[in-house]
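Hi everyone, thanks for coming. Let me put a structure up on the screen, and then we can walk through it together.

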Amino acid sequence: MDNEQLFFALHEGLPRQGPGSDARTRKALESVVLDTNTPNILDIGCGPGMQTRVLSRRFPEGAVTAVDLYQLFLDQLKESMRQEGLTNISLLRASMDDLPFEPESFDLIWSEGAAYIMGFPQALEYWHQFLKPGGYCGVSELCWLKHNPPKKLREFWEAGYPAITDIQGNIQHITSAGYELISSFILPSKDWETHYYTPLLERIAEWRQDPDLTPEAAQVLHEEEEEISIFRTYRRWYSYVFFIMKKLK
Ligand SMILES: C[S@@+](CC[C@H](N)C(=O)[O-])C[C@H]1O[C@@H](n2cnc3c(N)ncnc32)[C@H](O)[C@@H]1O
């Protein structure tokens, strides 16, 4: 297996692929005021779709389109939809930077922990065209919470996500991309741990039992553990922040 295959094998079946929780998805949705009971909703980089299912239940008369580049996550979401009897979600395999929609198709665009793949400002600018005027957008993004991070932490994120900036910097991106910020809040540490790092660490422990673990797989496990260790040491310095914004008419 190459590194990408190892990464997906390790992450397959986990409840989330990034920090978040149903409680924080619902909290972000409290700031969304739509003038229709039948909204068109787009969830970009849906992964296994924990937040997609919250959107689906919050807007039972609406239509949710869940997009991801990887079929294994869409298959996982499909199985959850079947188990939970959710019928208002459509699945689409597509890239977030090349979406097959007409302009102004959606009342609400959602993306938890995935905009960084394009870059936060680039994603907001590109997705803007797909929102109806006055439509809402909810996106979580990694942010510095304090200035002057310790050297080890700064070097870790300079290598992993050089575009990381602080909350104020991201609010400027939101404004420049043509939105009005409605609200924002910081994801608590438990949103990194409960549905993301804890199940991932359990999976890593299972893999470590394998006497035939390859050096390549061991390296992938090491990198994941390093990220978790950095978080546990320095979590006061950074987190995901949920931004809820409205497209300017
Ligand atoms: C950090 S995960 C977040 C997943 C999910 N929103 C969650 O919070 O559990 C990022 C997701 O983006 C997807 N992804 C990566 N590149 C993509 C692309 N170019 N277009 C669409 N989705 C992509 C990944 O497969 C993954 O599911």
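Residues are numbered from 1 along each chain as its sequence is written. Please keep in mind that this is a predicted model, where local features need pLDDT of at least 70, side-chain atom pairs count only at pLDDT 80 or more, and totals for chains, interfaces and linings use all residues.

With that, the chain has 9 helices and 8 strands. Its C-alpha trace spans about 55 × 45 × 30 Å along the principal axes.

Now two loops. N148 sits in the one between strand 5 (131–144) and helix 6 (151–160). Its phi is near 55°, positive even though N148 is not a glycine. Is N148 buried or exposed? Here, buried takes 20 or more other C-beta atoms within 10 Å of a residue's own, exposed takes 12 or fewer, and partly exposed is in between, with C-beta atoms placed from the backbone. N148 counts as exposed because it has 8 C-beta neighbours inside 10 Å.

E104 belongs to the loop between strand 3 (89–93) and strand 4 (106–112). This non-glycine residue also has a positive phi, about 55°. E104 has 14 such neighbours inside 10 Å, so it counts as partly exposed. Across the chain, buried residues are 37% of the 249.

Last, the ligand: helix 3 (50–58) and strand 2 (63–68) each give at least two residues to the shell around it.

How values were computed. Helices (H or I, at least four residues) and strands (E, at least two) are DSSP runs, numbered from the N terminus.
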